[in-house]
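Here's my note on the model you sent over.

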Amino acid sequence: MKCVAMLTVAGGMLAGTLLPSEAAVLNTMDDVGDAIQACWTPPADAGNSTVTLSFSFKRDGSLIGPPRPTAAKVAGDDKARKAFIDAAIAAVKNCTPRSLSPALAQGIGGNVFTLQLVSPKK
């Protein structure tokens, strides 16, 4: 049975962002969402856009395969759509592997998660 968790992450950068190897142990899926948010930089001209990615973790905090876009609403043309989706996928890839607490690692392995990345409204 697959578990689906929805994380909503607002676009934006955080000052003093740590690299994944420097980050603290993550205890909850909210922590995972916050960590990915710190890596998320939407394209400057994204307007009011969103993309939902689907991905899975191994128990060691690394990804099982690349994130896959499952839904997208992107302002602009095909080039803007591709840039937005690519930036979202890069945020997830660049923020992994993560250090997971034993409890989170126990329940996370192989489950499918969805993450919605949202650009700031202009």
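The points below go from the overall layout to a few individual residues.

1. Ground rules. This is a predicted model, so bear the cut-offs in mind: local features need pLDDT of at least 70, side-chain atom pairs count only at pLDDT 80 or more, and totals for chains, interfaces and linings use all residues. Residues are numbered from 1 along each chain as its sequence is written, and side-chain values use heavy atoms, with hydrogens and water left out.

2. Layout. The protein has three helices and four strands, and from the N terminus the order is β-α-β-β-α-α-β. Helices (H or I, at least four residues) and strands (E, at least two) are DSSP runs, numbered from the N terminus. Among contacts (heavy atoms within 4.5 Å) between residues at least 6 apart in sequence, 80% join residues at least 24 apart.

3. The core. The largest nonpolar core holds 28 residues, and V32, L53 and F55 have the most contacts inside it. By nonpolar core I mean a set of buried Ala, Val, Leu, Ile, Met, Phe, Trp, Tyr and Cys residues joined through side-chain atoms within 4.5 Å. At least two residues each come from helix 1 (29-39), strand 2 (50-56), helix 2 (78-94), helix 3 (102-108) and strand 4 (112-118). Helix 2 gives the largest share, seven residues. Have a look at F55 too: not counting residues up to four places away in sequence, F55 touches I36, L63, P67, V92, N111, V112, F113 and L115.

4. Strand 2. How many residues of strand 2 are buried? Seven of the seven, so strand 2 is largely enclosed by the rest of the structure. In a regular strand, side chains alternate between the two faces of the sheet. Here both faces are covered, with T50, T52, S54 and S56 buried on one side and V51, L53 and F55 buried on the other.

5. Strand pairing. Two strands pair if DSSP finds at least two bridges between them. Strand 2 runs antiparallel to strand 3 (residues 68-73), with five bridges, and P69 is the bridge partner of L53 there. Strand 2 is also antiparallel to strand 4, through seven bridges. On that side S54 sits opposite T114, and T52 opposite Q116. Strand 4 is itself mostly covered, with five of its seven residues buried.

6. S56. This strand 2 residue counts as buried because its relative accessibility is 10%. The S56 side chain has a polar contact with the backbone oxygen of N111 at 3.0 Å. A polar contact is a pair of N or O atoms within 3.5 Å; within protein, one must be able to donate a hydrogen and the other to accept it, and residues adjacent in sequence count only if both atoms are side-chain atoms. Leaving aside neighbours within four places in sequence, S56 is in contact with S62, L63, I64, G110, N111 and V112.

7. Helix 2. The geometry checks out: at 1.5 Å a residue, the 17 residues should span 24 Å, and the end C-alpha atoms are 24 Å apart, which agrees. The expected span is 1.5 Å times one less than the number of residues. F84, I85, A87, A88, I89, A91 and V92 are buried in helix 2, and their cover includes helix 1, strand 2, strand 3 and strand 4. At the start of helix 2, a side-chain oxygen of D77 comes to within 3.2 Å of the backbone nitrogen of K79.

8. The cis bond. Which two residues does the cis peptide bond join? T96 and P97, with omega about 5°. Most peptide bonds are trans. Both T96 and P97 lie in the loop between helix 2 and helix 3. T96 is buried, at 14% relative accessible area. The T96 side chain reaches the backbone oxygen of V92 at 3.2 Å and that of K93 at 3.1 Å.

Note on methods. Buried means under 20% relative accessible area, exposed over 50%, partly exposed in between (1.4 Å probe, protein chains only).
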